[in-house]
Amino acid sequence: MAGKVEAGMAQGEISAAPIHRIIKKAGAARVSEDAAEELRRVLEEVGLAIAKEAIGLAQYAGRRTVKREDVERAARTVLKGVFTA
């Protein structure tokens, strides 16, 4: 099957089980492997973008340590209009 990751190959930092739970928590009765894999891929991509922005904010502030505030501000920047916290 095209796009399917072979067994034993790295599938990313986030495992499949929590992704299935997130989709079910949102109201899905059943979740396909392809759907869970796609959400995992998207979440990792967004997470990486937020992390990179947070690192930049910490460096701008003259710190090597990324703080919660950096992540919050980065999330608001990366997720304009989506993230409200």
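I take buried to mean under 20% relative accessible area and exposed over 50%, with partly exposed in between (1.4 Å probe, protein chains only). At 16% relative accessibility, His20 therefore counts as buried.

**Ground rules.** I am working on a predicted model, where local features need pLDDT of at least 70, side-chain atom pairs count only at pLDDT 80 or more, and totals for chains, interfaces and linings use all residues. Residues are numbered from 1 along each chain as its sequence is written, and side-chain values use heavy atoms, with hydrogens and water left out.

**Overview.** I looked up the secondary structure and found three helices and zero strands (DSSP runs numbered from the N terminus: H or I of at least four residues for helices, E of at least two for strands). Along the sequence that reads α-α-α. Of the 85 residues, 14% count as buried.

**Back to His20.** I placed His20 in helix 1, residues 16–25. What does His20 touch, not counting residues up to four places away in sequence? I found Val31, Ser32, Glu33 and Ala36, taking contact as heavy atoms within 4.5 Å.

**Helix 1, both faces.** A handy reminder: an α-helix has 3.6 residues a turn, so residues three or four places apart point the same way. After helix 1 comes Gly27, with a positive phi near 120°.

**Helix 1 on helix 2.** Helix 2 (residues 33–60) packs with helix 1 at an angle of about 100°, their axes 9 Å apart. I used axes fitted to C-alpha atoms over the stretch in contact, with angles from 0 to 180 degrees between N-to-C directions. That makes helix 1 roughly perpendicular to helix 2, the label for 65 to 115 degrees (under 35 is roughly parallel, over 145 roughly antiparallel, the rest oblique). Helix 1 brings Ile19, His20, Ile22 and Ile23 to the contact, and helix 2 brings Glu33, Ala35, Ala36, Leu39, Arg40 and Leu43.

**Helix 3.** In helix 3 (residues 68–78) I noted Asp70, Ala74 and Ala75 as buried. Their arc is only 130° around the axis, which puts them on the same side of helix 3. These buried residues pack against helix 2.

Note on methods:
The arc is that of the directions from the helix axis to the C-beta atoms.
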